[in-house]
Amino acid sequence: MKPGIHPSYRTVLFHDVAANAYFLIGSTVDTDKTHEYQGVVYPYVTLDVSSASHPVYTGQQRQAKSEGRIAGFNKRFAGFIGGGA
């Protein structure tokens with residue numbers, strides 16, 4: 001490999017804030033934040049969604065899929081249907 005052109009590969013701490021879950025993963029992501037986890041300081045990246053909080057991976061399907069899109073629409077806008085002329 002040519003020296004000086006590749007990003008540094010190191011262990012990075014990813015934090016899913018929705019599920020409050022931490023993941024230690026080897027990555028080249030560039031971050032200035034650090035966080036102490038289990039007595040060691042790691043580069044730190046926050047995530048909105050990961051496998052710990054995404055409905056596909058947790059088994060929690062969206063309500064619209066279970067009841068149907070039309071039923072969800074009718075439930076949401078029931079007060080507007082036939083409410084006035």
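His15 touches Asn20, Ala21, Tyr22, Tyr44, Val45, Thr46 and Leu47, with residues up to four places away in sequence left out of the list; a contact here means heavy atoms within 4.5 Å. The model is predicted, so local features need pLDDT of at least 70 and side-chain atom pairs count only at pLDDT 80 or more, while totals for chains, interfaces and linings use all residues. Residues are numbered from 1 along each chain as its sequence is written, and side-chain values use heavy atoms, with hydrogens and water left out.

His15 belongs to strand S1, which covers residues 10-16. Strands (E, at least two residues) and helices (H or I, at least four) are DSSP runs, numbered from the N terminus. The relative accessible area of His15 is 9%, so this residue is buried; the classes are buried under 20%, exposed over 50% and partly exposed in between, computed with a 1.4 Å probe on protein chains only. Strand S1 is largely enclosed by the rest of the structure, because 5 of its 7 residues are buried. His15 and Val49 are 34 residues apart in sequence, and their C-alpha atoms are 9.4 Å apart in space.

Strands of a sheet pair through backbone hydrogen bonds, either parallel or antiparallel. In this model, 4 strands form an open sheet in the order S2-S1-S4-S3, with mixed pairing; two strands are taken to pair if DSSP finds at least two bridges between them. Strand S2 (21-27) and strand S3 (34-37) stand at the edges with a single partner strand each, so one side of each has no neighbour in the sheet. From one strand to the next, the twist averages 45°, where axes are lines fitted to C-alpha atoms (for helices over the stretch in contact) and angles run from 0 to 180 degrees between N-to-C directions.

On one side, S1 pairs with S2 in the antiparallel sense over 7 bridges. Within this pairing, Thr11 stands opposite Gly26, Leu13 opposite Leu24, and His15 opposite Tyr22. The two strands form a hairpin with 4 residues between them, and Asn20 in the turn has a positive phi of about 55°. S1 is also joined by 4 bridges to strand S4 (residues 40-47), and these two strands run parallel. Phe14 has Val45 as its bridge partner in S4.

The protein chain has 3 helices and 4 strands, and from the N terminus on its elements run β-β-β-β-α-α-α. Of its 85 residues, 16% count as buried. Among contacts between residues at least 6 apart in sequence, 35% join residues at least 24 apart. The chain exposes about 6,900 Å², of which carbon and sulfur atoms supply 54%; accessible areas come from the Shrake-Rupley method with a 1.4 Å probe, and for residues only the protein chains shown count as cover.

A feature of the surface involves Phe80, which lies in the segment after helix H3 (69-76). Phe80 counts as exposed because its relative accessibility is 65%. Together, Phe73, Phe77 and Phe80 make a nonpolar surface patch of about 350 Å².

Patches are made of residues with over 30% relative accessible area and no salt bridge, with like charges joined within 9 Å and nonpolar side chains (Val, Leu, Ile, Met, Phe, Trp, Tyr) within 5 Å. A salt bridge is a side-chain nitrogen of Lys or Arg within 4 Å of a carboxyl oxygen of Asp or Glu.
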